[in-house]
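Biologist: I have the sequence and the coordinates open. Can we go through them together, one question at a time?

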Amino acid sequence: MREPGVAIAGAIARDEGGLAFITCPDLDLRDWLVREVESLVPSDARPFRTSSVAEALGEPNRMALIIPNDEAEVVRDLDACRDQALEPPRTQPIVLFLLRDGDGHHTLALEAPSAWSWAGGSDVDPEALAELDMDAEREAFTAEVGTTPEEWLVPWRSQDVPRTQENFTRAFWAMTLE
Amino acid sequence: MSFDWKALTPHRPLDSNGVQYVVPPSGFAERIAPLVATGTTTVLVGGPVGVGKSTELARITALLRDERVACLVRLDRHENIRRLTPDQMFSRITRDLVELARIESARRGRGTQISAALLGALRVAGTVASQVTGVSIPVPEVSFTGSPRSLLDAALSEVARATGYTRISLIVDGLEKLPDTPESSEVLAALGQISDEVDIIAVVPWHVAFGVPEDTIRPAALFASLPAPGVDGTSGLAGRQFLADILTERLGLPREHLSENEDASQILGLSGVKLGRAMVLEAARWSGGLPRTFLQLMADAAQYAQIRRGGAWPNESDLADAIADQKDSFRRALLPGDSDAVRKVEGTDGREMELSRKIRLLARGVILERRQGSKYFLDIHPLAQPLLEGKRNA
């Protein structure tokens, strides 16, 4: 099975300079997810928040967290500007937060094949997190890591665990289970 | 042995220098370039996202370059295509053309052959910056002012004369992102108004393919759809090997690494090659023949392998998760009514499908146009097939 934490971390890290969608059930959880992503990404990603595609494209070496005011417009602009991410090549991804079943997803399905293809597979819905079998997941975490999620997060939060891709992924996984 | 999976870059088309290029089973560029060389002046290219249109355009550019000025203009690298105006398009083409001419002049050691008068006029118009290929462009004392279209015409004439070529081909990429609006039609019509002495090979949106392209751009324009190669069964052998070859090229491996010759693994002394090939061919099958989807599946599977086992060659479980990611993506591309509509046209030429739905699904590669002999038919993408059957986890 796909661990949700791995899926989220993977969506953000999978494509250097790529595009990832994080689907949010509501605006409140959108804010929470933005903060979670900010807290998890490597510091050299220098994440910043914006509502503008042009601003996101203007910072190719920083992780842009697009929190749209108008989801449909942002998706249309991403569709029309996709290849601007190739020149100069982005080194950090663009992460777009969209409401589930909102205008952004509707526009993606209806009008924006390039943006859809760009993100293909980097499309995470926290609904999957809500559907977690917590007991089974905690058991799997403990079996793989050797500690409970809470125990593992203590040294992580005190910066005593190296910030490797594997550990970021593990941190994401643990946080969904604590 | 470690592999540089980051080098797969599924979303980056190849440049026109030919490095890493693999000829697709359709031989698209190899077929189109001679047509242009022998008098077809307008080719409109269509195809689903990720099928390799930009890479084939770069290849066409390379094939035409020996006998004419072949200028690849990647509009979408610089412009928001949604808001593109005819003037912006003319200015971008002019800029790239002048840049190409100067690079070519420098390469041949003949010095700069673009006149100071033209460069000055382009600088005044804001078409070129104060420097072009490292050479400062002075502001002229008496500035010529012209519309972007007139400056493009001037540049075309001067470049043809300066380079000694009688023919110029403009290979224009990115216009497939134009929305279906009156403003977009103006952009396409403006492209068609460029002198008949200039060949135009341009990627266009699907709605042009199903409209009347010769009315939209130029009379007698040829519409050429770049097909995704078949990857199923015996007839899909060439398609699967094509994708495997792309993978080895991007990873910087010898093609024998994933060739059909099973002894290659022994020859090269590479362990796990046979297993690797089986997994690669399975990814090829799931990609539906779309190179971008294939590379994304392989990159994702490799990332799962990296996270779980520290860089081993991806296994079936990694690929299964990569496929699941892609299926989710396809699921979100489907709208109410799509399942029935797609099932109804599978295996037919698709004429009975409502046009807007057909355009939307073709553009995304949910349905793929295949060719068998002289017959065209619609095929359902393998990643969409289980979703249409209602088996999300199939």
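Biologist: How far apart do the C-alpha centres of domain 1 and domain 2 of chain A lie?

Modeller: A word on the source: this is a predicted model, where local features need pLDDT of at least 70 and side-chain atom pairs count only at pLDDT 80 or more, while totals for chains, interfaces and linings use all residues. Residues are numbered from 1 along each chain as its sequence is written, and chains are lettered from A and ligands numbered from 1 in the order in which they are written. Chain A is divided into domain 1 (4-130) and domain 2 (134-173), with bounds from an automatic or database domain assignment. Their C-alpha centres are separated by 25 Å.

Biologist: What percentage of the residues in chain A is buried?

Modeller: Buried means that 20 or more other C-beta atoms, placed from the backbone, lie within 10 Å of the residue's own; exposed means 12 or fewer, and partly exposed is in between. Chain A has 178 residues. The buried share is 47%.

Biologist: Which residues of helix α1 of chain B are exposed on the face turned away from its buried side?

Modeller: Helices are DSSP runs of H or I, at least four residues long, and strands are runs of E, at least two, numbered from the N terminus. In α1(B), residues 28-37, the buried residues are Phe28(B), Ala29(B), Ile32(B), Ala33(B) and Val36(B). They share one side of α1(B) because their arc around the axis, taken from the directions to the C-beta atoms, is only 110 degrees. The face turned away carries Arg31(B) and Pro34(B).

Biologist: How many residues of chain B are in contact with chain A?

Modeller: Two residues are in contact if their C-beta atoms lie within 7 Å. Chain A brings 32 residues to these contacts, and chain B brings 34.

Biologist: Which helices of chain A each supply at least two residues of the side that touches chain B?

Modeller: That side of chain A has 10 nonpolar, 10 polar and 12 charged residues. Here Ala, Val, Leu, Ile, Met, Phe, Trp, Tyr, Cys and Pro count as nonpolar, Asp, Glu, Lys and Arg as charged, and the others, Gly among them, as polar. The helices are α1, α4, α5, α6 and α10.

Biologist: At what angle do α4(A) and α5(A) pack?

Modeller: Axes are lines fitted to C-alpha atoms over the stretch in contact, and angles run from 0 to 180 degrees between N-to-C directions. The two axes are 7 Å apart. The angle between α4(A) and α5(A) is about 35 degrees.
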